[in-house]
Amino acid sequence: MFFALTRKPWFLLFGYQPRKRESNYLFFCTLLYNWSKNKFKNAIIETVQERKRDLENEINAEREAIGKKPFNYTDKIVSKSIKESTTDPESGYYHRDNKEKGFMYLDHRSVDGKHNFIVDCFITPGNVHDSVPYVSRLTHIIETFHFNVNCVALDSGYYKKDILKFLE
């Protein structure tokens, strides 16, 4: 309880100061709470569809280069049907191939590759993809611990343009 209240990693409380690291390894795991999978209601949410702004900017730059008028892109509102837990509305419905389905939270953990310390934990609802918080958490780790990251190990689920651009 004491460590959670301080909002500092436990090893900083005991005087361990991480030096500049040459690598940082990330791994992710899921936490499942034993709530009934049948206690839910169907809800419709409206969200703004994610746009690929980098691609839009590239297209408009090419159009301007050849003397054409750039496109005007607008945000599109999309309605989506989701399962919402009546026991814990903040959890998300987790469903992936060959894994247990239900209302869960994902615990994204980042580990220092040299000493195997967990340097960051970040909780998201189970319906958030693993790659969504990656860039913000890696930025947080670099700024907080001054890691000099020169390599990361990721699977194909993280093969996204924004992550690739950040890691360049």
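In the classification applied here, Ala, Val, Leu, Ile, Met, Phe, Trp, Tyr, Cys and Pro count as nonpolar, Asp, Glu, Lys and Arg as charged, and the others, Gly among them, as polar. On this basis, the residues lining the second largest pocket of the predicted model divide into three nonpolar, four polar and two charged. The lining consists of I45, T47, K80, S81, I82, K83, Y93, H95 and N127, and the pocket holds about 330 Å³ of space. Strands β2 (40-48) and β3 each supply at least two of the lining residues. The largest share, four residues, comes from β3, a strand that spans residues 77-85.

The largest pocket holds about 440 Å³ of space. Of the 13 residues that line this pocket, E50, K52, K160, K161 and D162 are the closest to its centre. Helices α3 and α5 each contribute at least two residues to the lining. By class, the lining of the largest pocket comprises three nonpolar, two polar and eight charged residues.

Charged side chains were next examined for pairing. Side chains of opposite charge can pair when their charged atoms come close. The structure contains seven salt bridges, among them two that join helix α3 to helix α5. In one of these, the side chains of E58 and K161 meet with an N to O distance of 3.1 Å. E58 belongs to helix α3 and K161 to helix α5, and the pair links distant parts of the chain, 103 residues apart. E58 has a relative accessibility of 43% and counts as partly exposed; K161, at 46%, is likewise partly exposed. K161 is also one of the residues closest to the centre of the largest pocket.

The other of these salt bridges is formed by the side chains of K165 and D54, at an N to O distance of 3.8 Å. Because K165 lies in helix α5 (residues 161-167) and D54 in helix α3, this pair ties together parts that are 111 residues apart in sequence. K165 counts as partly exposed at 47% relative accessibility, and D54 is also partly exposed, at 31%.

S110 and R137 are 27 residues apart along the chain, and their C-alpha atoms are separated by 8.4 Å.

How values were computed:
Residues are numbered from 1 along each chain as its sequence is written. This is a predicted model: local features need pLDDT of at least 70, side-chain atom pairs count only at pLDDT 80 or more; totals for chains, interfaces and linings use all residues. Side-chain values use heavy atoms; hydrogens and water are left out. A salt bridge is a side-chain nitrogen of Lys or Arg within 4 Å of a carboxyl oxygen of Asp or Glu. Buried means under 20% relative accessible area, exposed over 50%, partly exposed in between (1.4 Å probe, protein chains only). On a 1 Å grid over the protein atoms alone, a cavity is a set of points where a 1.4 Å probe fits but cannot get out, and a pocket is an open set with protein on both sides within 12 Å along at least five of seven lines; lining residues have an atom within 4 Å of a point. Grid points are joined across faces, edges and corners, and a volume is the space filled by probe spheres set on the points.
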